[in-house]
Amino acid sequence: MGDEKYTAAFELIMNAGNAKSKALMAIEAARDFDFEEAEKCLKEAEVDMRKAHQAQFDMIQDEANGKPVDVHIILVHAQDHLTMAMMARDNAEEFINLYKIIKELKEAK
């Protein structure tokens, strides 16, 4: 199997991994009540998530256009990374909201 068959999968892994890392950084910033930094990290995660989705979309387009995409363990791993990145981003959004509530409750005392 040639290296070109792995390129899209590795692009997906890289961008999804970056998105997940930035989503987790957003949670860490929110834990410190640094909501400006949390939102910044979340926006950066979204940029990487779009890149990951584009890599996935390109593979889907290739398949739809009659250019089969070989399914190999690296591609399966890449899809796992994308799924986990999406969950991390969703969780980060929720954690940011929860930390905002916690901060408000602490300040109301």
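Predicted model: local features only at pLDDT ≥ 70, side-chain atom pairs only at ≥ 80, totals over all residues.
## A16 and its surroundings

Leaving out residues up to four places away in sequence, A16 touches A52, H81, L82 and A85, where contact means that heavy atoms lie within 4.5 Å. A16 lies in helix α1; helices (H or I, at least four residues) and strands (E, at least two) are DSSP runs, numbered from the N terminus. With a relative accessible area of 0%, A16 is buried, a word used for values under 20%, whereas exposed means over 50% and partly exposed covers what is in between (1.4 Å probe, protein chains only).

Residues are numbered from 1 along each chain as its sequence is written, and side-chain values use heavy atoms, with hydrogens and water left out.

## H81, a partner of A16

H81, which is touched by A16, is found in helix α3. Its relative accessible area is 26%, so H81 counts as partly exposed. When neighbours within four places in sequence are set aside, H81 is in contact with I13, A16 and G17. For H81 and E63, which are 18 residues apart in sequence, the C-alpha to C-alpha distance is 21 Å.

Apart from neighbours within four places in sequence, R89 is in contact with A23, L42, E46 and M49.

The side chain of R89 makes a polar contact of 3.2 Å with the side chain of D90. A polar contact is a pair of N or O atoms within 3.5 Å; within protein, one atom must be able to donate a hydrogen and the other to accept it, and residues adjacent in sequence count only if both atoms are side-chain atoms. D90 is likewise found in helix α3, and at 40% relative accessibility D90 counts as partly exposed. The C-alpha atoms of D90 and Y6, which are 84 residues apart along the chain, are separated by 28 Å.

## D48 in helix α2

D48 is found in helix α2, and its relative accessibility of 6% makes it count as buried. The side chains of D48 and K22 are joined by a polar contact of 2.7 Å. Not counting residues up to four places away in sequence, D48 touches N15, N18, A19 and K22.

## The loop between α1 and α2

F33 has its place in the loop between α1 and α2, and D34 is found in that loop as well. The phi angle of F33 is near 60°, which is a positive value in a residue other than glycine. F33 is partly exposed, with a relative accessible area of 26%, and D34 is partly exposed at 36% relative accessibility. The C-alpha atoms of D34 and I96 are separated by 9.6 Å, and these residues are 62 residues apart along the chain.

The structure holds three aromatic pairs. One of them is formed by F33 and F35, a tilted pair with 6.1 Å centre to centre and 40° between the planes. Rings of Phe, Tyr and Trp (its six-membered ring) pair if their centres lie within 6.5 Å, and planes under 30 degrees apart count as stacked, over 60 as edge-to-face and the rest as tilted. F35 counts as buried, at 16% relative accessibility.

## The largest pocket

Rolling a probe the size of a water molecule over the atoms shows where empty space is left. On a 1 Å grid over the protein atoms alone, a cavity is a set of points where a 1.4 Å probe fits but cannot get out, and a pocket is an open set with protein on both sides within 12 Å along at least five of seven lines, with lining residues having an atom within 4 Å of a point. The largest pocket holds about 300 Å³ of space; grid points are joined across faces, edges and corners, and a volume is the space filled by probe spheres set on the points.

The lining of the largest pocket consists of 14 residues, and E4, K5, D62, K67 and V69 lie nearest its centre. Helices α1 (4–31) and α2 (35–64) each supply at least two residues of this lining. By class, the lining has seven nonpolar, one polar and six charged residues, where Ala, Val, Leu, Ile, Met, Phe, Trp, Tyr, Cys and Pro count as nonpolar, Asp, Glu, Lys and Arg as charged, and the others, Gly among them, as polar.
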